[in-house]
Structures are given as structure tokens and as C-alpha cells.
Amino acid sequence: MIVRTGWENVTDQASCEASGYYFDSSDNCVDAFSAKDYYDNDNVTLEDQNGNLFSAKNGGFGEKDNELYRLKFSYHTSVVKNGGTDFTKLYAYGGRSFSIYNADTGEQVFDSGSDFEVITAKKYGENFNNDNAENAGDDRSDNKGPEPEALTVGKINGHTYAFIGLERMGGIMVYDVSNPNSPKFVEYVNNRDLAIDPDDNKDSDNDGIKEYSVDAGDLGPEGFKFVSAEHSPNGKPMLIVGNEVSGTTTFYEIAVQNFNGE
């Protein structure tokens with residue numbers, strides 16, 4: 001993606017558009033763009049691979065809610081690649097995987113690609129890519145998917161493991177990254193109960209903050225802390241997870257034998 005330093009701090013429309021970004025209705029210079037958010041903009045048109053036009057001009061997107069309508073993509077990159085605002089190709093954001101880079105050269109040596117979505121789709125079927133505040137299967141497929149965000153690494157018996165939290169779908173992906181050029185998937189753990197809808201719309205103390213049902217399990221893993229065996233209270237490695245939406249903190253004891261293939 002082409003990035004121009006300081007564009008996000010631009011406060012006037014002329015400068016924003018001159019830099020190749022979009023000045024939204026809240027007077028913000030932004031790059032994230034979707035027809036759902038801005039379908040009423042007469043200056044933007046979207047065209048599919050067959051040349052069919054979808055835009056507010058002909059009522060295409062204002063009438064329907066499909067994948068292309070809701071997809072978040074880079075306005076700036078799409079403008080640059082297409083030479084104008086009639087987009088024939090949309091350059092969507094990544095962020096559905098984890099990558100490893102060579103710290104000396106900046107070279108990307110590994111990316112997990114579609115692993116997270118393939119693994120969760122096999123496990124949850126139509127419920128995959130759920131949101132973290134309600135049960136709505138496939139709701140996040142058009143916008144960051146499972147949204148991996150929390151990350152920490154830890155050493156166990158000479159192996160280095162990466163723990164990646166999926167903020168939306170929930171749960172923890174574990175990879176053995178001892179060889180950073182060829183990480184190995186270990187397991188996926190998620191204590192979320194999809195049989196329970198967390199969105200119960202309760203505000204018991206009337207403070208204006210919605211409460212979510214803790215019976216649904218952990219929602220929105222946001223902060224990770226790895227605790228080595230030598231610093232653990234029970235002598236076993238642990239992972240501490242802070243969950244943003246459910247407001248819960250969970251301590252996972254790591255069964256070392258499972259991490260050594262025994």
C-alpha cells in the first residue's frame with residue numbers, strides 16, 4: 001500500500017483528496033472505504049469483473065447488502081492502481097493472518113495465509129467469522145475476518161511458540177515458530193459457547209454501558225501475557241488472556257507434553 005506520511009492528520013477536504021484519500025462525512029481523511037459506508041457518494045463507482053456497474057448512481061449498492069457492498073478496501077491504493085475513482089479492482093485490507101519478518105533485512109519469511117479462516121470454518125461451519133459481541137455467522141468475512149490481534153511468544157522446553165488471539169471469532173491459535181521460516185500449527189483453543197448469544201442488551205446498573213452474558217465464554221481476546229514455568233505459581237507455563245468484550249481474564253495452564261508431540 002502507498003502511504004503518505006501525515007495524511008491521517010489532514011483536516012481539509014482539498015488536501016485530503018489531493019493526496020488520494022477520501023474525506024468522509026465526519027470530516028476525517030480516511031483510507032478505509034466501503035460502498036456500505038459511502039454509497040451515497042456520487043463520485044464513486046464500483047464495477048465487477050464482468051463490467052457490471054454497482055454504484056449509488058444507478059441504485060446498485062443502495063438496494064442490497066452483499067460481500068462487495070460491505071467489503072473494506074484501501075481507497076488510496078485502488079485510486080492509484082485504477083487511475084481514478086471508477087474502481088475496477090478493489091485492494092482489500094489484509095490482517096487475517098500472522099507474518100514473520102527477518103529483523104535485519106525486513107524480508108517476510110512466513111505468512112499463515114488463510115490458515116485461521118480454514119481452521120475456524122472447519123470447526124464452526126456456518127458460524128465461522130462471527131463477531132465478538134453477537135452470534136452472527138459469516139458477519140466478519142467482509143471486514144478483517146477473525147481479526148487476529150493479540151500476540152505473544154514464549155519458550156517451552158527449547159521450543160518457541162507464538163500465541164495469536166482472534167479478536168472477533170475468539171480463541172487462541174498456537175504455532176511452533178522455533179524455525180521462523182517454517183512454523184508448525186499446534187492447536188486452536190476457544191472456550192466461547194456459540195449456543196449462547198452474548199448480546200443480551202442488559203444494563204443492570206444503568207451506566208449506559210451494555211453488558212454481555214458471561215455464560216457465552218470469553219469474547220474479544222485482546223491482551224496476552226506468557227508466564228514461563230519458572231515464574232508460574234504452579235511450576236507450569238501459563239498464558240494469561242484479557243478479553244475486551246466479556247471483561248474476563250482467563251489463565252490457561254499449558255500442558256507441556258502436548259507441545260512436544262508426546
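Mentor: A polar contact is a pair of N or O atoms within 3.5 Å; within protein, one must be able to donate a hydrogen and the other to accept it, and residues adjacent in sequence count only if both atoms are side-chain atoms. This is a predicted model, where local features need pLDDT of at least 70, side-chain atom pairs count only at pLDDT 80 or more, and totals for chains, interfaces and linings use all residues. Residues are numbered from 1 along each chain as its sequence is written, and side-chain values use heavy atoms, without hydrogens and water.

Trainee: Which residue has its backbone oxygen 3.0 Å from a polar atom of the side chain of Asn-135?

Mentor: Asn-135 sits in the loop between helix H5 (115-124) and strand S10 (148-156); helices (H or I, at least four residues) and strands (E, at least two) are DSSP runs, numbered from the N terminus. Its side chain also makes a polar contact with the side chain of Arg-192, at 3.0 Å. The backbone oxygen in question belongs to Leu-194.

Trainee: Is Asn-135 buried, exposed or partly exposed?

Mentor: Buried means under 20% relative accessible area, exposed over 50%, and partly exposed in between (1.4 Å probe, protein chains only). The relative accessible area of Asn-135 is 25%, so this residue is partly exposed.

Trainee: How many bridges join S10 to S11?

Mentor: Two strands pair if DSSP finds at least two bridges between them. S10 and S11 run antiparallel, and Ile-156 stands opposite His-159 in S11. The number of bridges joining S10 to S11 is seven.
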